[in-house]
Amino acid sequence: MLLLGVGLSTASLLLTACGAGSSGDGGGSEAGAGEFSFLTNVENTTIPTELETLAGDQCKTAADAMPLKVDTVPQTNLDQQLQLLAGQDALPLQYAAGNAPALTKELAASGNVLDLEATLTDLGVLDQVEPAAIDTIKALYGGFNVLPYQYNVEGIWYNKQLFADNGIEVPQTWDDFVAAADTLDTSGVTPLSASGEQGWPLTRLISGYLFSDLGKDALQKVADGEAKLTDPEYVEAAAAVADLGQKGYFGEGVGSIDYDTAINQFLNGEAGMLYMGSWVLANFNDEAANQIGLDNIGFMPFPRVEGGAGIENQYAANVGLPMAISEKAYNEQAGEWLKCITENYGSSALANQGSISGFKVNEEVDVDPLTQTVQQTISDTSESVLWFEALFGTQATTASQTNAAPLVTGSMSPEQFMDTVQSALK
């Protein structure tokens with residue numbers, strides 16, 4: 001989700017960046033010299049707060065040698081600032097990756113992004129990052145070159161009581177899923193709550209079907225020009241989701257339902273299921289909003305398409321707005337910081353803020369059972385998939401998300417929907 005805010009001036013950013021010790025020789029001209037400079041979007045308070053906590057505790061030795069210095073910039077200005085700083089060879093030691101993976105790939109090609117797989121291997125802590133997080137990062141960025149301070153898995157949340165009352169077992173297959181939706185609909189419950197206004201909660205269902213049916217590389221083939229969204233097997237996925245809409249399984253007025261309304265419909269018991277990422281745990285933990293109770297919420301992977309090439313327990317995943325390390329500014333002292341973060345951030349963020357990351361949780365943390373379920377899901381997952389628009393450009397993303405509601409309300413056919421998005425691909 002796009003966040004807005006106010007940040008610092010370019011001059012301030014440049015001064016901070018120079019403090020990282022980017023002297024052109026790897027930034028390590030003096031032991032302990034410089035700062036562990038960190039540029040992030042102003043809206044992101046979780047990561048800076050946790051790094052400051054680590055600086056006074058587990059990472060105090062690293063922080064004493066290289067003090068943490070945080071600067072911020074609005075997310076809407078992030079890409080421009082990164083390009084400006086990279087052009088001046090003045091990127092801070094650690095910085096929020098661009099709003100699209102393409103910018104990080106460009107920065108990596110110009111020597112501004114540290115190879116984390118090689119670096120964390122050298123530091124002896126590569127095994128402290130969840131394999132699923134590494135898999136997601138590689139799929140998005142072409143290599144393990146950003147840190148997963150945030151990690152979200154996506155799947156279907158369901159109302160346990162409604163399932164029990166209607167004799168519904170947790171769906172394993174797409175056919176089971178459709179049957180469960182039919183049973184809920186017959187009982188007078190909206191089967192699926194989704195924001196047609198935003199569109200992406202609907203297109204997530206299309207990509208889920210594609211990955212389960214055609215395999216993990218289904219959309220990579222489209223990006224590479226080896227397949228088209230208008231191919232019959234791709235249109236089938238759009239048709240399957242459109243069919244849910246034609247049967248009324250998204251309820252009335254799905255096209256005008258916004259994000260918050262969709263969440264509230266699930267939390268007040270009006271809807272039996274909700275496709276969403278694990279970031280929604282914050283809403284679930286809001287006792288005032290959650291009228292069905294935390295213990296009454298279950299989580300399941302996207303149901304498999306029988307006979308499909310997808311893996312079992314397949315979860316779409318994302319890494320929020322991840323952070324890159326400047327290869328030019330990296331030095332031995334930065335390595336001490338990086339090692340300490342990798343070993344401790346997962347447990348610290350979960351304990352202090354209930355925030356799930358792509359780092360392993362190495363200390364026992366007392367969290368609610370649902371959060372624990374999600375954390376265990378991440379730990380048990382070695383492969384992940386992306387989402388429908390992950391590899392699309394801006395035009396195709398807009399075409400996809402603005403036409404998702406017309407697809408499920410029947411004003412646009414599956415063939416028309418896929419043709420519209422395919423035509424917008426660049």
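**Figure 1. Area buried between domain 1 and domain 2 in the predicted model.** About 530 Å² is buried between domain 1 and domain 2, and carbon and sulfur atoms give 60% of that area. The domain assignment places residues 36-147 and 320-357 in domain 1, while domain 2 takes in 152-317 and 385-425. Six residues of domain 1 and eight residues of domain 2 make up the contact. Taken over C-alpha atoms, the centres of domain 1 and domain 2 are separated by 31 Å.

**Figure 2. Charged and polar pairing across the interface of domain 1 and domain 2.** One salt bridge is found across this interface. One residue pair in polar contact is also found there, with both residues at pLDDT 80 or more. On the side of domain 1 that touches domain 2, three residues are nonpolar, two are polar and one is charged.

**Figure 3. Close-up of K216 and D135.** The side chains of K216 and D135 form a salt bridge, with an N to O distance of 2.6 Å. By the domain assignment, 152-317 belongs to domain 2 and 36-147 to domain 1. Over the whole structure, the search gives nine salt bridges.

**Figure 4. Close-up of the salt bridge between K69 and D71.** The closest N and O atoms of K69 and D71 lie 3.4 Å apart. K69 has a relative accessibility of 30% and therefore counts as partly exposed. D71 is buried, because its relative accessibility is 4% and the cut-off for buried is under 20%.

**Figure 5. Close-up of the salt bridge between K221 and D217.** The side chains of K221 and D217 meet at 3.9 Å, N to O, and the pair counts as a salt bridge because the limit is 4 Å. K221 has a relative accessible area of 32%, so this residue is partly exposed. D217 is likewise partly exposed, with a relative accessible area of 36%.

**Figure 6. Close-up of the salt bridge between R304 and E312.** Between R304 and E312, the closest N and O atoms are 3.8 Å apart. R304 is partly exposed, at 30% relative accessible area. E312 counts as exposed because its relative accessibility is 54%, where exposed means over 50%.

**Figure 7. Confidence of the predicted model and the stretch 1-32.** The mean pLDDT of the protein is 91, and 92% of the residues reach 70 or more. Over residues 1-32, however, the pLDDT is below 50. In the model, this stretch has 71 contacts beyond near neighbours in sequence.

Notes
Residues numbered from 1 in each chain as written. Heavy atoms only, no water. Domains from an automatic or database assignment. Contact = heavy atoms within 4.5 Å. Buried area = accessible area lost by both parts, 1.4 Å probe. Polar contact = N/O pair within 3.5 Å; in protein donor to acceptor, adjacent residues only side chain to side chain. Nonpolar A, V, L, I, M, F, W, Y, C, P; charged D, E, K, R; others polar. pLDDT = per-residue confidence, 0-100. Buried < 20%, exposed > 50% of the residue type's maximum accessible area, 1.4 Å probe, protein only.
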